[in-house]
Amino acid sequence: MSLKIFDYCCSNGHVFEVWLREAADADPPVCPECGTPAERRLPSAPGLKPVEGTTRTEVAGDVTLRRAAEARRAAKEAYVAVMRRVVEKAEDVGRNFPDAVRAMERGSEERRLVRGECTPLVAAELRADGIDVLPIPDEALKPLN
Ligand SMILES: [Zn+2]
(Lines give C-alpha, C1' and ligand atoms only; values in the text may rest on other atoms or scores of the structure.)
Protein backbone atom coordinates (compact mmCIF):
# COMPACT_ATOMS: atom_id res chain seq x y z
CA MET A 1 0.00 0.00 0.00
CA SER A 2 1.28 3.43 -0.77
CA LEU A 3 0.20 6.61 0.86
CA LYS A 4 0.24 10.11 -0.46
CA ILE A 5 0.43 13.35 1.39
CA PHE A 6 -2.30 15.82 0.70
CA ASP A 7 -2.20 19.39 1.89
CA TYR A 8 -5.29 20.98 3.26
CA CYS A 9 -6.12 24.48 4.32
CA CYS A 10 -8.77 25.35 6.88
CA SER A 11 -10.79 28.56 6.77
CA ASN A 12 -8.45 30.10 9.35
CA GLY A 13 -5.52 29.71 7.00
CA HIS A 14 -3.81 26.83 8.76
CA VAL A 15 -2.08 24.55 6.30
CA PHE A 16 -1.69 20.97 7.36
CA GLU A 17 -1.00 17.63 5.76
CA VAL A 18 -2.92 14.41 5.73
CA TRP A 19 -1.80 10.98 4.61
CA LEU A 20 -4.30 9.23 2.40
CA ARG A 21 -4.36 6.62 -0.30
CA GLU A 22 -6.46 8.92 -2.45
CA ALA A 23 -7.79 12.40 -1.85
CA ALA A 24 -11.32 11.11 -2.29
CA ASP A 25 -10.77 8.54 0.47
CA ALA A 26 -11.93 10.58 3.38
CA ASP A 27 -14.30 13.19 4.63
CA PRO A 28 -12.73 16.65 4.86
CA PRO A 29 -10.09 16.32 7.57
CA VAL A 30 -10.25 18.50 10.64
CA CYS A 31 -7.58 21.14 11.22
CA PRO A 32 -5.27 20.03 14.04
CA GLU A 33 -4.75 23.64 15.14
CA CYS A 34 -8.27 24.97 15.41
CA GLY A 35 -10.58 22.02 14.76
CA THR A 36 -12.45 23.46 11.77
CA PRO A 37 -13.02 21.10 8.85
CA ALA A 38 -10.58 21.65 6.00
CA GLU A 39 -11.98 23.91 3.32
CA ARG A 40 -9.86 22.96 0.40
CA ARG A 41 -7.09 20.75 -0.74
CA LEU A 42 -3.99 22.54 -1.92
CA PRO A 43 -2.18 21.38 -5.02
CA SER A 44 0.42 18.78 -4.14
CA ALA A 45 4.03 19.81 -4.26
CA PRO A 46 5.47 18.89 -7.66
CA GLY A 47 7.58 15.77 -7.69
CA LEU A 48 6.02 14.42 -4.54
CA LYS A 49 6.30 10.66 -4.78
CA PRO A 50 4.16 8.03 -3.15
CA VAL A 51 6.04 6.36 -0.34
CA GLU A 52 6.74 2.73 -1.17
CA GLY A 53 7.80 -0.11 1.03
CA THR A 54 11.45 -0.50 0.04
CA THR A 55 14.33 1.10 1.87
CA ARG A 56 15.69 2.92 -1.15
CA THR A 57 12.42 4.54 -2.06
CA GLU A 58 11.71 5.26 1.58
CA VAL A 59 14.94 7.22 1.83
CA ALA A 60 14.28 8.98 -1.47
CA GLY A 61 10.72 9.61 -0.40
CA ASP A 62 11.91 11.00 2.91
CA VAL A 63 14.19 13.51 1.18
CA THR A 64 11.41 14.43 -1.23
CA LEU A 65 9.00 14.89 1.63
CA ARG A 66 11.43 17.01 3.58
CA ARG A 67 11.96 19.23 0.53
CA ALA A 68 8.23 19.44 0.02
CA ALA A 69 7.78 20.40 3.67
CA GLU A 70 10.38 23.15 3.27
CA ALA A 71 8.65 24.37 0.12
CA ARG A 72 5.35 24.46 2.02
CA ARG A 73 6.91 26.41 4.87
CA ALA A 74 8.37 28.91 2.39
CA ALA A 75 5.01 29.20 0.61
CA LYS A 76 3.25 29.80 3.90
CA GLU A 77 5.80 32.44 4.94
CA ALA A 78 5.27 34.19 1.61
CA TYR A 79 1.51 34.08 2.12
CA VAL A 80 1.87 35.47 5.64
CA ALA A 81 4.06 38.29 4.29
CA VAL A 82 1.46 39.20 1.66
CA MET A 83 -1.37 39.03 4.18
CA ARG A 84 0.63 41.20 6.58
CA ARG A 85 0.64 43.95 3.92
CA VAL A 86 -3.07 43.42 3.38
CA VAL A 87 -3.63 43.78 7.13
CA GLU A 88 -1.69 47.07 7.11
CA LYS A 89 -3.62 48.52 4.17
CA ALA A 90 -7.10 47.19 4.83
CA GLU A 91 -9.67 49.08 6.81
CA ASP A 92 -10.63 47.09 9.90
CA VAL A 93 -14.42 46.86 9.91
CA GLY A 94 -14.45 44.27 12.71
CA ARG A 95 -17.65 42.35 13.15
CA ASN A 96 -19.31 44.43 10.46
CA PHE A 97 -17.22 42.57 7.87
CA PRO A 98 -19.97 40.45 6.26
CA ASP A 99 -22.33 43.45 5.95
CA ALA A 100 -19.54 45.67 4.64
CA VAL A 101 -18.47 43.29 1.87
CA ARG A 102 -22.07 42.62 0.87
CA ALA A 103 -22.75 46.35 0.69
CA MET A 104 -19.69 46.76 -1.55
CA GLU A 105 -20.89 43.89 -3.73
CA ARG A 106 -24.30 45.58 -4.08
CA GLY A 107 -22.60 48.86 -4.89
CA SER A 108 -24.14 50.70 -1.95
CA GLU A 109 -20.71 51.18 -0.42
CA GLU A 110 -17.50 52.24 -2.09
CA ARG A 111 -15.27 49.31 -2.97
CA ARG A 112 -12.17 49.16 -0.83
CA LEU A 113 -9.90 46.72 0.91
CA VAL A 114 -11.41 45.74 4.23
CA ARG A 115 -10.71 43.18 6.86
CA GLY A 116 -12.72 41.99 9.79
CA GLU A 117 -14.20 39.02 11.50
CA CYS A 118 -16.56 36.35 10.35
CA THR A 119 -17.13 32.69 11.07
CA PRO A 120 -15.94 30.01 8.64
CA LEU A 121 -19.60 29.38 7.78
CA VAL A 122 -20.21 33.03 6.87
CA ALA A 123 -16.99 33.07 4.86
CA ALA A 124 -18.24 30.03 2.93
CA GLU A 125 -21.57 31.78 2.28
CA LEU A 126 -19.80 34.89 1.02
CA ARG A 127 -17.67 32.78 -1.32
CA ALA A 128 -20.76 30.94 -2.53
CA ASP A 129 -22.20 34.35 -3.44
CA GLY A 130 -19.09 35.16 -5.46
CA ILE A 131 -17.46 37.44 -2.90
CA ASP A 132 -13.76 36.73 -2.52
CA VAL A 133 -12.71 36.45 1.09
CA LEU A 134 -9.33 35.22 2.20
CA PRO A 135 -8.35 33.90 5.60
CA ILE A 136 -5.75 35.96 7.43
CA PRO A 137 -3.27 33.67 9.17
CA ASP A 138 -2.80 34.47 12.86
CA GLU A 139 0.88 35.15 12.20
CA ALA A 140 -0.03 38.03 9.87
CA LEU A 141 -1.85 39.77 12.71
CA LYS A 142 1.06 39.56 15.14
CA PRO A 143 3.55 42.40 15.12
CA LEU A 144 6.98 41.59 13.73
CA ASN A 145 9.64 41.30 16.37
ZN1 LIG B 1 -7.19 25.83 11.46
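Helix 2 packs against helix 3 at an angle of about 5°, their axes lying 11 Å apart. Helix 2 is therefore roughly parallel to helix 3 (angles under 35 degrees count as such). This is a predicted model, in which local features need pLDDT of at least 70 and side-chain atom pairs pLDDT 80 or more, while totals for chains, interfaces and linings use all residues. Residues are numbered from 1 along each chain, and side-chain values use heavy atoms, without hydrogens and water.

- Phe97, Pro98, Val101 and Arg102 of helix 2 meet Val122, Glu125 and Leu126 of helix 3 (contact means heavy atoms within 4.5 Å).
- This contact has five nonpolar, no polar and two charged residues.

Largest pocket
- The largest pocket holds about 760 Å³ of space (a pocket is an open set of points on a 1 Å grid where a 1.4 Å probe fits, with protein on both sides within 12 Å along at least five of seven lines; lining residues have an atom within 4 Å of a point).
- Of its 33 lining residues, Phe97, Gly116, Leu134, Pro135 and Ile136 lie nearest the centre.
- The lining has 17 nonpolar, seven polar and nine charged residues.
- Helix 2 gives the largest share of the lining, four residues.
- Domain 1 (4-72) and domain 2 (90-134) each supply at least three lining residues.

Technical notes:
Points joined across faces, edges and corners; volume = space filled by probe spheres on them. Helix = DSSP H or I, 4+ residues; strand = E, 2+ residues; numbered from the N terminus. Nonpolar A, V, L, I, M, F, W, Y, C, P; charged D, E, K, R; others polar. Domains from an automatic or database assignment. Axes fitted to C-alpha atoms, helices over the stretch in contact; angles between N-to-C directions. Parallel < 35°, antiparallel > 145°, perpendicular 65-115°, else oblique.
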